[in-house]
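Subject: Structure handover

Hello,

Please find below the structure I am passing on to you. My notes on it follow.

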Amino acid sequence: MNSVIKDIVLEHKEDITDSWLIEIRKFRSDDMLQNISDKMYENTNREFANNLILTVQKTDEELEHDELIQFAEKLIQIGWPLNYITRGLQEFRKACVEIISKREENSQNNLEFFKKIEDWIDDIVNLLVTQYSGSWENTVFLQKMALKELSAPLIPVFENISVMPLIGTIDTERAKLIMENLLEGVIEHRSQVVLIDITGVPVVDTMVAHHIIQASEAVRLVGAKCILVGIRPEIAQTIVNLGIDLGKFPTKSTLKKGIESALELTQREIVELKK
């Protein structure tokens with residue numbers, strides 16, 4: 001940062017901060033900021049302004065490890081929107097230009113001077129947006145991995161009988177995961193019968209049916225039988241209308257009926273005990 005600009009910014013930092021705080025308070029109407037207490041909102045804004053002012057004294061290398069980065073990470077963790085940071089920086093830029101142009105007559109018409117301020121704020125914008133985006137992408141990736149681990153479990157319910165409950169939309173990537181978990185689970189649990197429960201699948205179209213048929217065929221190839229359960233009336237109607245052939249393996253409307261069929265296939269049954 002140019003030493004002259006740095007001196008001028010630091011000289012007028014109180015005026016710049018006060019002007020910026022007035023503008024930033026207008027963001028309070030945003031839905032994601034309405035639940036934040038007045039005290040927290042005020043303290044956060046002042047901390048933001050203070051960190052921004054201090055960057056005028058930092059080199060690019062120092063800025064990458066600056067308190068401003070830690071501040072942005074804190075905002076990400078507590079759920080403040082990216083819009084607050086980007087709009088806040090734009091208003092900070094305006095506050096700097098307006099206050100300095102009023103206080104510094106010699107620099108009022110100096111385009112180079114204001115270009116330096118533009119460059120200074122642009123560097124901060126790029127740095128924080130990159131930081132925010134990186135943290136968000138990492139969070140989404142971790143959540144996606146966690147969901148993958150839980151999205152297609154094969155659960156043993158009786159000896160040689162397992163259930164795979166499916167919930168949510170099934171896309172190609174998830175279908176591959178279902179297939180892998182299904183085959184590995186059949187071997188691990190020595191399952192003779194596998195029930196694929198689609199009660200929690202909102203839509204069964206041609207692609208979803210294709211994936212289920214593939215999974216059933218793969219189970220058959222490793223020596224087990226597959227029963228499709230959880231077929232609701234609307235799902236049954238959709239399957240018929242689409243002309244999907246599920247005749248190669250048994251289907252049941254409920255998990256209870258599917259378990260009863262699985263017990264029969266393994267030479268067992270549920271018997272009521274008389275009191």
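In which helix is the place of His211? His211 sits in helix α9; helices here are DSSP runs of H or I with at least four residues, strands are runs of E with at least two, and both are numbered from the N terminus.

Some background before the details. This is a predicted model, in which local features need pLDDT of at least 70 and side-chain atom pairs count only at pLDDT 80 or more, while totals for chains, interfaces and linings use all residues. Residues are numbered from 1 along each chain as its sequence is written, and side-chain values use heavy atoms, with hydrogens and water left out.

Overall picture

The protein has 11 helices and five strands. Of its 275 residues, 40% count as buried; buried means under 20% relative accessible area, exposed means over 50%, and partly exposed is in between, with a 1.4 Å probe and protein chains only. Among contacts (heavy atoms within 4.5 Å) with a separation of 6 or more, 73% are between residues 24 or more positions apart.

Helix α9

Helix α9 covers residues 206-221. Its 16 residues should span 22 Å at 1.5 Å a residue, and its end C-alpha atoms are 22 Å apart, so the two values agree. The expected span is 1.5 Å times one less than the number of residues. The buried residues of α9 are Val208, Ala209, His211, Ile212, Ala215, Ser216, Ala218 and Val219. An α-helix has 3.6 residues a turn, so residues three or four places apart point the same way. The buried residues of α9 pack against α8 (172-189), β3 (193-200) and β4 (225-229).

His211 has a relative accessible area of 13% and is therefore buried. Leaving aside residues up to four places away in sequence, His211 touches Ile170, Asp171, Thr172 and Ala175.

Helix α3 and its neighbours

Helix α3 (residues 38-54) and helix α5 (residues 67-77) have axes that come within 9 Å and cross at roughly 150°. Axes are lines fitted to C-alpha atoms, for helices over the stretch in contact, and angles run from 0 to 180 degrees between N-to-C directions. The angle makes α3 roughly antiparallel to α5; under 35 degrees counts as roughly parallel, over 145 as roughly antiparallel, 65 to 115 as roughly perpendicular and the rest as oblique. The crossing of α3 and α5 is left-handed, a term used if the near helix is turned anticlockwise from the far one by less than a right angle, with right-handed used if clockwise. On the α3 side the contact is made by Thr44, Glu47, Phe48, Asn51 and Leu52, and on the α5 side by Glu67, Leu68, Phe71, Lys74 and Leu75. These residues divide into five nonpolar, two polar and three charged. Ala, Val, Leu, Ile, Met, Phe, Trp, Tyr, Cys and Pro count as nonpolar, Asp, Glu, Lys and Arg as charged, and the others, Gly among them, as polar.

The axes of helix α2 (residues 13-24) and α3 come within 10 Å and cross at roughly 140°, which means α2 is oblique to α3. The crossing of α2 and α3 is right-handed.

Met40 also belongs to α3. With a relative accessible area of 37%, Met40 is partly exposed. Beyond residues up to four places away in sequence, Met40 touches Ile78 and Trp80.

Regards
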